[in-house]
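Here's a quick tour for anyone meeting this structure for the first time. Have a look, then read on about a pair of helices and a pocket.

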Amino acid sequence: SSQSVRRSAPSSHPERQRCGSELHTFGGGTWKSEFAFHTGVPHDAFGPAGEFVPFNVAPGTQRSFARSLKAAGYRTVALYPTRGGMMNGRAAYAGYGFDAFYDASQLGLPGDYDTPDALVHAAAREVLARERLHDRPVFLFVLTIFNHAEHGVRMERVPLQLVSAASKAFEPADEALSVADYVWRSQAFERASAATRSAVLGTRRPAVFAWFGDHQPPFANATGLRQRIRSLPTATGTVPARYQTWYEVASNLPHAADAPPRALDLVFLPGALAQAAGVPLDDWLAANVLARAQCGGLLEACRAPGVREAYLSHLWRDLKAFELP
């Protein structure tokens, strides 16, 4: 899961909205979701080069969410749970325009896929507390990794009651174990996220807190379950269920902005967050917000003829969002 934590405007009554996020990757490829969020463009818009977009495209990024926030006076910081060289992360985030990038070694984290969410969230709260000492609003982007994959392994860690409940709901043993493991890790994320949400929203400082799932689990140890997920109906009826996860936006504003759509393409989340935080919309953010409104929140399944192509063309040709080799 990835979280965006940002400042905004004060209140003591958080407003929350949990909805469905439409992604462009399934069962892995976190770097593709990161790119889509940071740049407002799906990785597959670049054809085969988009499969490894942190290497091929991200370092040449000229316009992005972080760059728009920096122009609005924000300090932009990214936290990575692995080493900075993983999928060219450090170079990619420099392209996205972040002021600071901290990897696992700098944060004192193990740096592997078993890094608990609680450790990453604790590091994020420490970094946020330091950054808040400066007289600037802060945008903190944090990537967690514990619920990534693979599920149904090292089951001695998973409470027996979860395994028992999953066994009653899923007859194949491989599915029961994978689901129990996934739910256990999701509960760990929920606890860690609740502590961070409290630290972000539980003060008089103006703030917005958001998180999104960057992809669904591959469930490689339960292939039958994976196939059934592929055939599930969706709320919008336009994007396969395997490309949908949850996202949430919460704030402590006294007058919250309009709630984001129930189903939202990940590329449109930057504009929704900017509006929730009351950030002035530059030309990049304005294009993101306008395309979201015209497409009903769904870029890949946009029902307004020509809007998707016009939006991408505007970013590339007019705003010079990417400098490609």
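The crossing of α6 and α8 is right-handed, meaning the near helix is turned clockwise from the far one by less than a right angle. Helices here are DSSP runs (H or I, at least four residues; strands are E, at least two), numbered from the N terminus.

This is a predicted model, where local features need pLDDT of at least 70, side-chain atom pairs need 80 or more, and totals for chains, interfaces and linings use all residues. Residues are numbered from 1 along each chain as its sequence is written, and side-chain values use heavy atoms, without hydrogens or water.

The axes of α6 (residues 117–131) and α8 (residues 173–201) come within 9 Å and cross at roughly 15°; axes are lines fitted to C-alpha atoms over the stretch in contact, with angles from 0 to 180 degrees between N-to-C directions. The two helices are therefore roughly parallel to each other (angles under 35 degrees).

On the α6 side, the residues in contact (heavy atoms within 4.5 Å) include His 121 and Arg 125, and among their partners in α8 are Phe 189 and Thr 196.

Helix α8 turns up again at the largest pocket, where its seven residues are the largest share of the lining. Strand β2 (15–22) and helix α1 (30–39) each supply at least two lining residues. How does the lining split by class?

| Class | Lining residues |
|---|---|
| Nonpolar (Ala, Val, Leu, Ile, Met, Phe, Trp, Tyr, Cys, Pro) | 24 residues |
| Polar (the others, Gly among them) | 17 residues |

Note on methods: Parallel < 35°, antiparallel > 145°, perpendicular 65-115°, else oblique.
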